[in-house]
Amino acid sequence: MGTRRRADMFTEDGRPSDDDPREHGPRLGDERTTLTETLRKCRLTLELKCDGLTAEQMAPRAVPPSTMSLLGLVRHLADVERATFRRLMAGQQAARWFGSLDDPDGDFDGAVADPTLVEQAWTIWRSEVDFATEFVATAPSLDIVADDPDNKHGSGGGAISLREVLVGMIEEYSRHLGHVDLLRECIDGRVGQ
């Protein structure tokens, strides 16, 4: 993960560490602040849970027969960020990074133990997170709406607001962070706080 310093998330009394960067964001904010801060913490948890791992540790499918790996999840979430914010909300023509119609599971299937692929996945994920963060920060309100006719983003097949998109992204990360916890524990026994 580059030169980031690993935060020690674990304390003897179980209380949040002063070094845990998830614990010092804004509190008691308005709706936009609350949603974006929650999503920021989810994204940061993904980074923290993968911190310090080698390509060989990021790529294995540790819970057979699942195709999930930590690297696969980083790639998957990069594509979800891209589809949600670039394609759906901003209306950009942006193909998936890691999958295609011919290989819909390419985000997981192509996750192999190659340091270059791991760095590429993090770079792409961070660029998609940066785009999404800027998009949400500059949106005139959480009431802006995009059309989701095929229900790919939880709209039920129709209009979906930025507010609903943010809640959906929090749900997406939360579901996968449970997977990340299990995968990390299989690698080196580390459990999360």
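Modeller: Arg-86 is found in helix H3, and that helix is the part to look at. Bear in mind that the model is predicted.

Helix H3 covers residues 70–89. Arg-86 within it is buried, with a relative accessible area of 16%, because that value falls under the 20% cut-off for a buried residue. Leaving out residues up to four places away in sequence, Arg-86 touches Glu-81, Gly-91, Gln-92, Ala-94, Ser-127, Glu-128 and Phe-131.

Two packed helices are described by the angle between their axes and the distance between the axes. H3 passes H5 in a left-handed crossing. Sorted by class, the residues in the contact of H3 with H5 are 17 nonpolar, 1 polar and 5 charged.

H3 also packs against helix H6. Here the axes come within 10 Å and cross at roughly 175 degrees. That angle is over 145 degrees, which makes H3 roughly antiparallel to H6. From H3 the contact involves Leu-70, Leu-73, His-76, Leu-77, Val-80, Glu-81, Thr-84, Phe-85, Leu-88 and Met-89. From H6 it involves residues including Leu-162, Val-165, Leu-166, Met-169, Glu-172, Tyr-173 and His-176. The contact of H3 with H6 has 15 nonpolar, 4 polar and 2 charged residues.

One residue of that contact can be followed further. His-76 lies in helix H3 and, like Arg-86, is buried: its relative accessible area is 16%, and that of Arg-86 is 16%. Setting aside neighbours within four places in sequence, His-76 is in contact with Asp-107, Phe-108, Glu-172 and His-176. Glu-172 and His-176 are among the H6 residues that meet H3. His-76 and Ala-111 are 35 residues apart in sequence, and their C-alpha atoms are 9.9 Å apart in space.

Ala-146 lies in strand E1 and touches Leu-88 and Met-89, along with Gly-158, Ala-159 and Ile-160, not counting residues up to four places away in sequence. Ala-146 is buried, at a relative accessible area of 8%. Between Ala-146 and Arg-87 there are 59 residues of separation in sequence and 9.7 Å in space, C-alpha to C-alpha. Phi of Asn-151 is near 55 degrees, a positive value in a residue other than glycine. Most residues other than glycine have a negative phi. Asn-151 is partly exposed, with a relative accessible area of 37%.

H1 is residues 31–50 and H6 is residues 162–188; their axes come within 9 Å and cross at roughly 20 degrees. That makes H1 roughly parallel to H6, and their crossing is left-handed. Among the residues that meet are Leu-35, Leu-39 and Cys-42 in H1, and Leu-166, Met-169 and Tyr-173 in H6. The contact of H1 with H6 divides into 13 nonpolar, 3 polar and 6 charged residues. Leu-166, Met-169 and Tyr-173 are also among the H6 residues in the contact with H3.

Now for the whole. The chain has 6 helices and 2 strands, in the order α-α-α-α-α-β-β-α along the sequence. Of its 193 residues, 42% count as buried. Among contacts between residues at least 6 apart in sequence, 67% join residues at least 24 apart.

As to confidence, the mean pLDDT of the chain is 87, and 85% of its residues reach 70 or more. Over residues 1–9 pLDDT stays under 50, and the model has 25 contacts for them beyond four places in sequence.

Key
Residues numbered from 1 in each chain as written. Predicted model: local features only at pLDDT ≥ 70, side-chain atom pairs only at ≥ 80, totals over all residues. Heavy atoms only, no water. Axes fitted to C-alpha atoms, helices over the stretch in contact; angles between N-to-C directions. Helix = DSSP H or I, 4+ residues; strand = E, 2+ residues; numbered from the N terminus. Left-handed = near helix turned anticlockwise from the far one by under 90°. Nonpolar A, V, L, I, M, F, W, Y, C, P; charged D, E, K, R; others polar. pLDDT = per-residue confidence, 0-100. Contact = heavy atoms within 4.5 Å. Parallel < 35°, antiparallel > 145°, perpendicular 65-115°, else oblique. Buried < 20%, exposed > 50% of the residue type's maximum accessible area, 1.4 Å probe, protein only.
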